[in-house]
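Here is a short briefing on charged side-chain pairs and one backbone detail. Take a look at the structure first, then work through the points by topic.

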Amino acid sequence: MYVFAQEYGRRHVFKAFWFTHNFYVLLYIFMILHGAGRLVQDALFPYFFLGPMVIFFLDKMISLSRNKVEISVKKAQILPSGVTNLVFKRPLNFDYKSGQWVRIACLDLGESEYHPFTLTSAPNEENLSLHIRAVGPWTTNIRRVYDPNNVVGNKFPKLYLDGPFGEGHQDWYRYPVSVLVGGGIGVTPFASILKDMVSKSRMKVKFPCQKVYFLWVTKTQKNFEWMTDIIREVESGDINGLVSVHIFITQFQQKFDFRTTMLYICERHFQKIAGQSLFTGLCATTHFGRPKFQDFLQTLAYEHEGVQQIGVFSCGPPPMTHNVENACTSLNKSEGTTYTHHYENF
């Protein structure tokens, strides 16, 4: 169990990881037998184990009762950078918040093999949507199975759905100022959140959050073009100026070399003349190179002087979330604004 729980095992030999971890039942049986000999004293472990076992059993029963409903896939798109977009029917009484995730199983790939993915649809939408990047055997097979060129008669394989499950990103609206940092496929929870913002702005829903800064860190904007369409929708629907978007293109490593300098000058000139980015076609500000999180977060303390606490939510590769965590920790050592960091690694 320990060997296959390592990152390499989880990503490349998931079936071995899943198979070995199903032996957890034997682990607890052996623990009970270990104390049954009473060599030192009467075994106490069974008394502590009984309560959690009952809760675990009830949770399993609830999961088994709700994740065996077959869900029809209405639409599937093969997107660049190995991303597959699935749009499927929303079950009745399926209530969720933006930023939550679900587990799905493809019937053609095994009814018992579930994988977690963040919903990219907003709670007000009729259907559910997922953006799945092919980074392992199962996700690669998903891309092959739902490729419209491989589907006969537009009948996509059905899914089993389990969820939704919550996590920290759904609390973005509880802070006066929130900073959302997405890197790579880690932008998926923020896709749902941004759509939700647009919906709430149109309905004039009031909530404590006064300003949201969305930082999208990507090697090139072509990696996730579907995210560009969502940002464009946010810009057109954000009538109250709630969201400020910053895009960091990390493809250009040397910030002050000649090529990057010329691109920077052309970008700023085009932004000034046309009011939009030369690269993305968005009103969002485009930066070249990796973001300096500490400098950016520190400027927010001056921009919002009366705010005592800023919520920072990051999702993406571990090095990026680690840099955000270090920036928040460093700034929290000084008096003034407090930065509360919630993160998830992809």
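The side chains of Lys 195 and Glu 125 form a salt bridge, with 3.6 Å from N to O. Lys 195 sits in helix 6 (residues 188-202) and Glu 125 in the loop between strand 5 (115-118) and strand 6 (127-133), so this pair ties together parts that are 70 residues apart in sequence. Please keep in mind that this is a predicted model. Searching the whole structure gives 3 salt bridges, and the remaining notes go through them by topic.

- Lys 195 is buried, and its relative accessible area is 14%.
- Lys 195 counts as buried because its 14% falls under the 20% cut-off.

**Arg 103 and Asp 162**
- A salt bridge joins the side chains of Arg 103 and Asp 162, with an N to O distance of 2.8 Å.
- Since Arg 103 belongs to strand 4 and Asp 162 to strand 7, the pair ties together parts that are 59 residues apart in sequence.
- How accessible is Asp 162, buried or exposed? Asp 162 is buried, with a relative accessible area of 1%.

**Glu 70 and Lys 158**
- Glu 70 and Lys 158 also meet through their side chains in a salt bridge, at 3.9 Å from N to O.
- This pair links distant parts of the chain: Glu 70 is in strand 1 (residues 70-71), while Lys 158 is in the loop between helix 5 (137-145) and strand 7 (159-165), 88 residues apart.
- Glu 70 is partly exposed, with 44% relative accessible area.
- Lys 158 is likewise partly exposed, its relative accessible area being 36%.
- The 3.9 Å distance qualifies because the salt-bridge cut-off is within 4 Å.

**A backbone detail at Asn 93**
- Which residue other than glycine has a positive phi? Asn 93 does, with phi near 60 degrees.
- Asn 93 is placed in the loop between strand 3 (83-89) and strand 4 (101-106).
- With a relative accessible area of 77%, Asn 93 is exposed.

- Side chains of opposite charge can pair when their charged atoms come close.

Terms used
Residues are numbered from 1 along each chain as its sequence is written. This is a predicted model: local features need pLDDT of at least 70, side-chain atom pairs count only at pLDDT 80 or more; totals for chains, interfaces and linings use all residues. Side-chain values use heavy atoms; hydrogens and water are left out. Helices (H or I, at least four residues) and strands (E, at least two) are DSSP runs, numbered from the N terminus. Buried means under 20% relative accessible area, exposed over 50%, partly exposed in between (1.4 Å probe, protein chains only).
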